[in-house]
Amino acid sequence: TEGTNREMRQDQPTVEMLDACGFDVLDVVDVTDGYLEVARRWLRTATELEDGLRATLGDEVYDERLGVRRRGLALTEAGLHVRMFYVARAAG
């Protein structure tokens, strides 16, 4: 639901959480640019296929998913959100 996407707070940095779970972080890669490209394409395609998607998903689900994607894209474009990829292995 929208509430689960509205606020995704993280109290600790991901590297610290991985360490606490027993992982060694090998690499951290910023994949924000790739995310932006995919998100823009997703929105464009979802808009192009709107009639069929609304018929399949229903108006409420379609509008909610589009709203979540638009907000995520806007936050990322504004530099308020980044997408990171972590490579880790079990410690020891």
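Visitor: Which residues does T76 touch, leaving aside those up to four places away in sequence?
Guide: This is a predicted model, where local features need pLDDT of at least 70 and side-chain atom pairs count only at pLDDT 80 or more, while totals for chains, interfaces and linings use all residues. Residues are numbered from 1 along each chain as its sequence is written, and side-chain values use heavy atoms, with hydrogens and water left out. T76 sits in helix α5 (helices are DSSP runs of H or I with at least four residues, strands are runs of E with at least two, numbered from the N terminus). With contact meaning heavy atoms within 4.5 Å, and sequence neighbours up to four places away skipped, T76 touches T32, Y35, L36 and H81.

Visitor: Is T76 buried or exposed, and at what relative accessibility?
Guide: The scale uses a 1.4 Å probe and protein chains only: buried is under 20% relative accessible area, exposed is over 50%, and partly exposed is in between. T76 counts as buried because its relative accessibility is 5%.

Visitor: At what angle do α3 and α5 pack, and how far apart are their axes?
Guide: Two packed helices are described by the angle between their axes and the distance between the axes. Axes are lines fitted to C-alpha atoms, for helices over the stretch in contact, and angles run from 0 to 180 degrees between N-to-C directions. For α3 and α5, that gives an angle of about 150 degrees and axes 10 Å apart.

Visitor: How many nonpolar, polar and charged residues make up the contact of α3 with α5?
Guide: On the α3 side, the residues include Y35, R40 and W42, and they meet α5 residues including R65, G72 and E77. Ala, Val, Leu, Ile, Met, Phe, Trp, Tyr, Cys and Pro count as nonpolar, Asp, Glu, Lys and Arg as charged, and the others, Gly among them, as polar. By class, the contact of α3 with α5 comes to 9 nonpolar, 4 polar and 5 charged residues.

Visitor: How far apart in space are L18 and Y86, C-alpha to C-alpha?
Guide: L18 is in helix α2 (residues 14-20) and is partly exposed because its relative accessibility is 22%. Not counting residues up to four places away in sequence, L18 touches F23, V25 and Y86. L18 and Y86 are 68 residues apart in sequence, yet their C-alpha distance is 9.3 Å.

Visitor: What separates the C-alpha atoms of D11 and L66?
Guide: D11 lies in the loop between α1 (2-6) and α2. D11 counts as exposed because its relative accessible area is 73%. Along the chain D11 and L66 are 55 residues apart, and their C-alpha atoms are separated by 27 Å.

Visitor: What radius of gyration does the protein have?
Guide: The protein has 5 helices and 2 strands, and its C-alpha atoms fill a box of roughly 55 × 25 × 25 Å along the principal axes. The radius is taken over C-alpha atoms, and the globule rule is 2.2 Å times the number of residues to the power 0.38. A compact globule of 92 residues would come out near 12 Å, but the protein has 17 Å.
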